[in-house]
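Thank you all for making the time this morning.

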Amino acid sequence: MHVRLDDPVDLDAFRRHARQLLAAGVPPDRVEWNGERAGGGAADLFGESGESGEAGDAAPSAAPVAAARHAVPASFVALCGDVVLHRDPQRFALLYRLLWRLAHEPALRHDPLDADMLQAQQMAKAVHRDIHKMRAFVRFTRVAGDDGLEHHVAWFEPDHHIVEANAPFFARRFAQMRWAILTPERCVEWNGQALAFGEGADRREKPPPDAGEQLWLTYYEHIFNPARLKVAMMRREMPRRYWHNLPEAALIQPLTDAAQARSQSMIDAPPTVARRIRAPIALHLRPADGTAPADLAELRAAAHACRACPIGALATQAVCGEGPLAAQHMLVGEQPGDQEDLAGRPFVGPAGQLLDRAMAQLGWARDTVYLANAVKHFKYELRGKRRIHKTAAQREADACAHWLDSEISLVRPQGLVALGATAARALLGRPVAVQAERGAWLHERRDGRPVFVTLHPSALLRLADGERAEAYARWLDDLERARGTVSAAIAA
Ligand code: URA
């Protein structure tokens, strides 16, 4: 049995045919689907002619009954809507096989690992990705239309049959413009009121660059931040196969080549004045009368509002700790870094990743400890586009100390692990020589909680390559001891 669909993305036609086949009991291996654009017209399904509706209209009257009997989950209908947009010629065969199996194998609905279902889901994902890439990478060029008006034309090469599905997005986004998107398979045009679709175009019809393109390149060059360059992520987001249609792609190589040097020259440059100082936050959020916050949410809001020292006005947000209440251990670092400041979570940047690695090696789950910092705001110096970490001055750390005290009272950990000198001083209330005092529990706090001092992970990151392995192994020993001996330390 051959089924030919005139339009490769006509979900309704597919559904109509599939329902008829199912109702007639035609198994999937007896059906050959053809949904490609070339040719078209006749469908010899059930010997009927014409695909676009006639076969469905002439369907046996049993069809609706059968359809009701074989109701499929709504998620499958949505999946079909995505998969028909895939370029794979086997997509209709796969969908009909799934439909057939859903009707005949009730267990399929509950099998998340079924190979057909997984394949369809992968195809739907690829279609979504393609739709997203088209939205991100279409670049319009201005041209004068025959009607004397300004038009915008773009050339794009999608991987799948997504032009029709994506066109309404562009109509909404560029509602005021007259535009056309040319692709090898389909073209779409918006005249300000309605969308019109036509045959594919040739790459040579792509208009030449206009003045706007130069403007875009200049803008792109300016927003390119060498301090935040992540080549692997950029390649993932902007795969090379799109580059030949992206004017800015020509800038990527020179910009990435120069990124390291530019970033270093920012570090070497004198500090620049912060562009944005955050306004003071309402005083009522601060515990002015010295009362401690009642819970962690209140602590977070109050620390965020704190302007007891100048750091808070420059940071994105206060970064309080995270982890379970009554955790056995509270690990305390120095202050949030650049990435923690943006994410609002402690230890998510490079130092945090090293800590994660160490904890994983020890089989110590991160979510069983409470991770906090002595200072709650990120202190930095701006050099060009780079925010260079600055150690908080002692008076700034002192101004922050009560937030950590409140956090300790609320979390009630059994033991405190100070990562580095700032944390050690905040927890013990005196200067601490980390190398000299590391590796043992100290009993000096008035609340009776023992404090274990060790290195901050950043100290390891700063070591020369030749020194790091040994220092890391010693640090692991410290952490393991802190983990294993807390009960004895409490009893001591
Ligand atoms: N360093 C810290 O001390 N704390 C963090 O949260 C991140 C880096």
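What follows is a short account of the ligand site, and then of the sheet and the hairpins.

Please keep in mind that this is a predicted model, in which local features need pLDDT of at least 70 and side-chain atom pairs count only at pLDDT 80 or more, while totals for chains, interfaces and linings use all residues. Residues are numbered from 1 along each chain as its sequence is written, and side-chain values use heavy atoms, with hydrogens and water left out.

Let me start with the ligand. Its surroundings, meaning residues with a heavy atom within 4 Å of it, are Gly333, Glu334, Gln335, Pro336, Glu340, Pro346, Phe347, Asn373 and His456. By class, this shell holds 3 nonpolar, 4 polar and 2 charged residues, where Ala, Val, Leu, Ile, Met, Phe, Trp, Tyr, Cys and Pro count as nonpolar, Asp, Glu, Lys and Arg as charged, and the others, Gly among them, as polar.

Turning to individual atoms, a backbone N or O atom of Glu334 lies 2.7 Å from an oxygen atom of the ligand, and a polar backbone atom of Phe347 is 2.8 Å from a ligand oxygen atom. Asn373, by contrast, uses its side chain, with a polar atom 2.6 Å from a nitrogen atom of the ligand. Of the 240 Å² that the ligand exposes when taken alone, the protein buries 94%, with accessible areas coming from the Shrake-Rupley method with a 1.4 Å probe.

Now to the strands, which are DSSP runs of E with at least two residues, numbered from the N terminus, and which pair if DSSP finds at least two bridges between them. An open sheet of 5 strands, with mixed pairing, has the order E9-E8-E12-E14-E13. Strand E9 (370-373) and strand E13 (441-442) stand at the edges with a single partner strand each, so one side of each has no neighbour in the sheet. E13 runs antiparallel to E14 (residues 451-454), joined by 2 bridges, and Trp441 has Phe452 in E14 as its bridge partner.

Which residue stands opposite Leu382 in E11? It is Arg387, and the strands concerned, E10 (residues 380-383) and E11 (residues 386-389), run antiparallel with 4 bridges. Their hairpin has 2 residues between the strands, and Gly384 takes a positive phi near 60° there.

Finally, E6 (residues 186-190) and E7 (residues 195-199) pair in the antiparallel sense over 5 bridges, with Cys187 opposite Gly198. Their hairpin has 4 residues between the strands, and Gly192 in the turn has a positive phi of about 100°.

Notes:
A polar contact is a pair of N or O atoms within 3.5 Å; within protein, one must be able to donate a hydrogen and the other to accept it, and residues adjacent in sequence count only if both atoms are side-chain atoms.
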